[in-house]
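Trainee: Could you go through the labels used for this model with me? I would like to see how each one is reached.

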Amino acid sequence: MKKIILFSILVSVCTVNGFSQKESKKTKLQSFHSRAIVSYNVENLFDTIDDKGVIDEEFLPEGKLKWNTERYKVKLDHLVEAITMNLPENPVLIGLIEIENRGVLNDLKKTGRLGKTNYEIAHKDSPDARGIDCGLLYDKSCFKLLKMESLTVSIDSIPDFKTRDILYVKGELQGGKILHLFVNHWPSRRGGEGSEIRRIQAAEVARKKVDEILKADPKANIVLMGDFNDHPDNVSIQDVLKAKAVSDSGADLLDLFEDDHKAGKGTHNFKGEWGVLDHFIVSKALYNGTNGIQLSSNDGKIVYEEKLLFTQKDGSKKPSTTYGGPNYYGGYSDHLPIQLILK
């Protein structure tokens, strides 16, 4: 009887927004030092199964793109290669954009060298018509999930508007250090200037949550990552989210790729022009290392590597994509991954 009572004391069950996990009180989180946060728009990571209620017909074996198990496995292998590129250890956190469902996250975390790390999944289905979601893989030996929330982006003047939710995750790292994460995939630029209102609304939703966090803890460690579909100098980033250059002493959010964009670099290439659409935006406290977590080089990195690029006839380069229209190229993604090293 004593043994049974002791076991019940040592093991507790915690539930986070419906996510249940057993957590031993004796389990200590391992070090996150020199481990990376990676964010990657993986360009349409669909499985080969018809998911009722979403528009996924192109990505079926009998669909226009002839998406099949072999191509799906190649895609998974390529994504793992890109996610871990130049990293001696697997990332502690991986923000993923353009994933179809929890199932593809489960397949990805078992693929290649990612299978050597005990990743758990943070994910919720979004209302996007194509079933496109954001997700997070986290190394449960280093990161304890405390809270997960979907932040809905809606526009009153467009009642039938549906887009990806912003995935918000709060977690704990070694030493009781708290980290707030936002995985974003803001509405696309399709439609030109008329689409801007949609990203402005996404920025307002994210900023509202950031303000709530900073009100409770002005020194909070915050990372916003993902595909914002806007550049550092666009209204949604500059004026609504209020993410500024790292040199701006008055800003509470800093865009780590603002200087890359000014220099003509980017994570995405549109009609021959590079631009930063994928961002790491961090709180000033995290950038300055004032609350227990520091950035290894005070900067993020765009993984601009030859293997992830396609050289065009004119010699210019762009990300090596899986498809170009209906044509299968077997590449990686139409975006480049980005990395941020913690210490």
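Mentor: Gladly! Contact means heavy atoms within 4.5 Å. Leaving aside neighbours within four places in sequence, Ser236 is in contact with Trp186, Arg199, Ile200, Ala203, Asp230 and Leu241. This is a predicted model, where local features need pLDDT of at least 70, side-chain atom pairs count only at pLDDT 80 or more, and totals for chains, interfaces and linings use all residues. Residues are numbered from 1 along each chain as its sequence is written, and side-chain values use heavy atoms, with hydrogens and water left out.

Trainee: Why does Ser236 count as buried?

Mentor: Buried means under 20% relative accessible area, exposed over 50%, and partly exposed in between (1.4 Å probe, protein chains only). Ser236 has 0% relative accessibility, so it counts as buried.

Trainee: What makes Phe46 and Phe59 a stacked aromatic pair?

Mentor: Rings of Phe, Tyr and Trp (its six-membered ring) pair if their centres lie within 6.5 Å; planes under 30 degrees apart count as stacked, over 60 as edge-to-face and the rest as tilted. The structure holds eleven aromatic pairs. For Phe46 and Phe59, the centres are 4.4 Å apart and the planes 5 degrees apart, hence stacked.

Trainee: And why is the pair of Tyr323 and Tyr328 called edge-to-face?

Mentor: Their planes are at 65 degrees, over the 60 required, with 5.4 Å centre to centre.

Trainee: Are Tyr323 and Tyr328 buried or partly exposed?

Mentor: Tyr323 is buried because its relative accessible area is 10%, whereas Tyr328, at 29%, is partly exposed.
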